[in-house]
Amino acid sequence: MTGAGSAALPAAAPRELFVGGRWRAAEGGGTFAVRDPATDETLCRVADATPADGQAALAAAAAAQEGWAARPPRERADLLHRAHQALADRTDELALVITLEMGKPLAEARAEVGYAAAFLRWYAEETCRIEGSYRVAPAGGARLLTMRQPVGPCLFVTPWNFPLAMAARKVAPALAAGCTAVLKPAAQTPLSALAFAAVLADCGLPDGVVNVIPTSTSAAVTGPLLADRRLRKLSFTGSTEVGRALAGTAGERLLRVSMELGGNAPFLVFPDADLDAAVAGAVVAKLRNGGEACTAANRFLVHAEVADEFTARLAARFAALTVGRGTDPGVDVGPLIDDRAVRQVHALVREAGQRGARVLTGGAPSGGAGHFYPPTVLADTPAHARVCHEEIFGPVAPVTAFADEEEALRLANDTPYGLASYVYTDRVDRAVRVAERLEAGMVGVNTGLVSDPAAPFGGVKDSGSGREGGREGIEDYVDVKYVRLALRHG
Ligand code: NAD
């Protein structure tokens, strides 16, 4: 591990609520602490929104809705283009904020800023292509028109693992479609969302179109909003457990929901795969964001013929990585978000060990002030170990051998989750067959990275519903209205 550096939070980083285009304190003046997971020190305190602040934010979003939807698409697109450029211009400053509050190495934080910005550009481009249709009624005598209209004010609840990108992935399509929003970031990482709001404001965002309300009491603030008739949609990214609870509440009033939830991605390596490429892809699929990604490879299912070689090579790659504070030069893997995460990851490793898995590298918390866990490879992991069934959310790679394609698919699909999946094979027929049969919203073939703003990101089964990104991403923010136009003859 490297030593702690001295990077400091930019003095200009906003720490207040952003409501109706104004920066302000929370009602009653409450604040909560944001900590650096690499040192466990308090970075700063931010305004702590109350239920009344939540209501004020929704009132602002509702008041801005009609005017924003009525803007010409090109105007909405221009704002998104400016925001894309502004994010790109401020990459270093935003990356530092992400790294300080979330922990990932600066290079990955810069990549996150680029990923977030790419959503703004993609949806700037989509803004002018939200189309309707014109049909001749099959029985004659009428024309059938459809139009896509904004669903209205949205509530966005986002996680801490990609604190800027998860906000941008929701805000960009919403703004493109003509929706306004209230964004409630995770309490661990409110600073990136507030910095994003500042960028949007600098780019000419009209008052009330996006409101940001960090809070330490998420359920108390979001509960009344979900019950409020002015709110027309909830888009949530986070754990399946919390998503299920929020979807239940939203269901009581049939609120539209999109759910981007947890994953348990299988990473399949067939004997015909290019093993160099598979190992390189495995490092990315497992260690991007230190394993704290919903798309992280959770289980490595490797054909018995190549399992030992793959596992040994992966362990050698993991052992060579530098763990440390994300702001220090040369760091490959940052800390986990908090001590609870370290304990949970380690409990999974211990349990796998008790069931016969062998630790080839890593395997115990790094100790010290921050929340560090080393990249860990487990060989011969029994498929029934907890580490193969629960979302690890840390840098641990359990490897399990399989005998044939049928067994690989059975193991891969033996999970309630269905978000990302990965397949390494040099046979086209196998790639197609396996991709078709994997129960997942996304399949990476010979790649360890599936995220792309131009592609529909989302899950099946307990990993949620709805898609973010691609042309499909707009659909989550529009209602289709049908107009029947009767024709009189003569
Ligand atoms: P989390 O579910 O604990 O929290 C997510 C958000 O919900 C946070 O803003 C949190 O403050 C809020 N929240 C928590 N309890 C709440 C409640 N009772 N009422 C209202 N809001 C509440 O998840 P997390 O730990 O922040 O993020 C990690 C999880 O997110 C992982 O499971 C990961 O797989 C998932 N994730 C999914 C995607 C995806 O696109 N599918 C992307 C990133 C992360």
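**Ground rules**

I am working from a predicted model, in which local features need pLDDT of at least 70 and side-chain atom pairs count only at pLDDT 80 or more, while totals for chains, interfaces and linings use all residues. Residues are numbered from 1 along each chain as its sequence is written, and side-chain values use heavy atoms, with hydrogens and water left out.

For names I follow DSSP runs numbered from the N terminus: helices are H or I runs of at least four residues, and strands are E runs of at least two.

**The sheet**

I looked up the strand order first. An open sheet of 7 strands runs S14-S15-S16-S13-S12-S17-S18, with mixed pairing. Two strands pair if DSSP finds at least two bridges between them. Strand S14 (358-361) and strand S18 (442-445) are the edge strands, each pairing on one side only. On average, neighbouring strands of this sheet are turned by 25° against each other, direction ignored. Axes here are lines fitted to C-alpha atoms, for helices over the stretch in contact, and angles run from 0 to 180 degrees between N-to-C directions.

Next I went through some of the pairings. S14 and strand S15 (residues 376-379) run antiparallel and are joined by 3 bridges; in this pairing Thr361 stands opposite Val377 in S15. S15 and S16 run parallel, also with 3 bridges, and Thr376 has Val396 in S16 as its bridge partner. S13 and S16 are parallel too, joined by 4 bridges, and His303 stands opposite Phe402 in S16.

How much of S16 is buried? I found that 6 of its 7 residues are buried, so S16 is largely enclosed by the rest of the structure. Buried means under 20% relative accessible area, exposed over 50%, and partly exposed in between, with a 1.4 Å probe and protein chains only.

Contact means heavy atoms within 4.5 Å. Helix H12 (residues 405-412) lies across S12, S13 and S16, at about 165° to S13.

I also checked Ala319, which lies in helix H10. Ala319 counts as exposed because its relative accessibility is 51%.

**Pockets**

I took pockets and cavities from a 1 Å grid over the protein atoms alone: a cavity is a set of points where a 1.4 Å probe fits but cannot get out, a pocket is an open set with protein on both sides within 12 Å along at least five of seven lines, and lining residues have an atom within 4 Å of a point. Grid points are joined across faces, edges and corners, and a volume is the space filled by probe spheres set on the points.

The largest pocket holds about 1300 Å³ of space. It is lined by 43 residues, and Trp160, Gly238, Ser239, Val242 and Arg340 are the closest to its centre. Helix H7 (218-227), strand S10 (233-237), helix H8 (240-252) and helix H11 (339-354) each supply at least two residues of this lining. By class I noted 19 nonpolar, 15 polar and 9 charged residues. Ala, Val, Leu, Ile, Met, Phe, Trp, Tyr, Cys and Pro count as nonpolar, Asp, Glu, Lys and Arg as charged, and the others, Gly among them, as polar.

The second largest pocket has a volume of about 170 Å³. Its lining residues include Arg76, Cys128 and Arg148. Strand S6 gives the largest share of this lining, 3 residues.

**Cavities**

I counted 5 cavities of 30 Å³ or more. The largest cavity has about 60 Å³ of space. Among its 15 lining residues, Pro266, Ala412, Tyr417, Ala420 and Glu439 lie nearest its centre. Strand S12 (265-269) and strand S17 (420-424) each supply at least two residues of the lining.

**Positive phi**

Most residues other than glycine have a negative phi. Asp40, in the loop between strand S3 (31-35) and strand S4 (42-47), has a positive phi of about 65°. Asp380, in the loop between S15 and S16, has a positive phi near 50°. Asp380 counts as partly exposed, at 45% relative accessibility.
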